[in-house]
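Subject: Structure for you to look at

Hello,

Here is the structure I said I would pass on. Please open it first, then read the notes below with it on screen.

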Amino acid sequence: MEHRLNLLNRSSLILTGIVDVIRFDLNEVLLETDNGMLTVKGADLHVSRLSLEKGEVDIGGTIDALSYSDAPSFDKKAGGLFGRIFA
């Protein structure tokens, strides 16, 4: 799946190539993409559209930073982050 992002005026972010939404709150969204983990930081963030079948996510709010990490994807069967730490 092709990974793309389209940021408009730091207030609307359209993403493709999304595997999973790991967590989100008003200040941070953590996404698993085909190219690694993606952290979106900002204020008043909200996921306005989510289609994991198509791998698409739309995020609104004030977007301050986008950061990629090559950290391995979260293993839900291992209990997430704590399951990997204490395994």
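Start at Thr 33, which lies in strand 4. Please keep in mind that this is a predicted model.

Is Thr 33 buried or exposed? Its relative accessibility is 5%, so Thr 33 counts as buried, the cut-off for that word being under 20%. The side chain of Thr 33 has two polar contacts with backbone atoms that you can find on screen. One goes to the backbone nitrogen of Asn 35, at 2.9 Å. Leaving out residues up to four places away in sequence, Thr 33 touches His 3, Gly 17, Ile 18, Val 19, Leu 38 and Tyr 68.

With neighbours within four places in sequence set aside, the contacts of Leu 38 include Thr 33, Leu 15, Val 29 and Leu 31. Leu 38 also contacts His 3, Leu 30, Leu 66, Ser 67 and Tyr 68.

Leu 38 belongs to the largest nonpolar core, which has 12 residues.

Strand 1 and strand 6 (56–69) are the elements that give two or more residues to the patch. Leu 5, for one, lies in strand 1. With a relative accessibility of 37%, Leu 5 counts as partly exposed.

Now the charged side chains. How many salt bridges does a search of the whole structure find? The search gives 5. Three of them are described here:

- Glu 2 and Arg 4 form a salt bridge, and their closest N and O atoms are 2.8 Å apart. Both Glu 2 and Arg 4 are exposed.
- Arg 23 and Glu 28 meet through their side chains in a salt bridge of 3.0 Å, N to O. Arg 23 counts as partly exposed, at 45% relative accessibility.
- Asp 58 and Arg 49 also meet in a salt bridge, at 3.0 Å from N to O. Asp 58 has a relative accessibility of 15% and so counts as buried, whereas Arg 49 is partly exposed at 33%.

Arg 49 and Asp 58 are part of a network of salt bridges that also takes in Glu 56.

Last, look at two backbone angles. Asn 9 is not a glycine, yet its phi is positive, near 55°. Asn 9 sits in the loop between strand 1 (4–8) and strand 2 (12–16). The relative accessible area of Asn 9 is 66%, so this residue is exposed. Asp 44 also has a positive phi, about 55°, without being a glycine. Where is Asp 44 found? It is in strand 5 (residues 36–51). Asp 44 counts as exposed, with 54% relative accessibility.

Regards

How values were computed: Residues are numbered from 1 along each chain as its sequence is written. This is a predicted model: local features need pLDDT of at least 70, side-chain atom pairs count only at pLDDT 80 or more; totals for chains, interfaces and linings use all residues. Side-chain values use heavy atoms; hydrogens and water are left out. Helices (H or I, at least four residues) and strands (E, at least two) are DSSP runs, numbered from the N terminus. Buried means under 20% relative accessible area, exposed over 50%, partly exposed in between (1.4 Å probe, protein chains only). A nonpolar core is a set of buried Ala, Val, Leu, Ile, Met, Phe, Trp, Tyr and Cys residues joined through side-chain atoms within 4.5 Å. Contact means heavy atoms within 4.5 Å. A salt bridge is a side-chain nitrogen of Lys or Arg within 4 Å of a carboxyl oxygen of Asp or Glu. A polar contact is a pair of N or O atoms within 3.5 Å; within protein, one must be able to donate a hydrogen and the other to accept it, and residues adjacent in sequence count only if both atoms are side-chain atoms.
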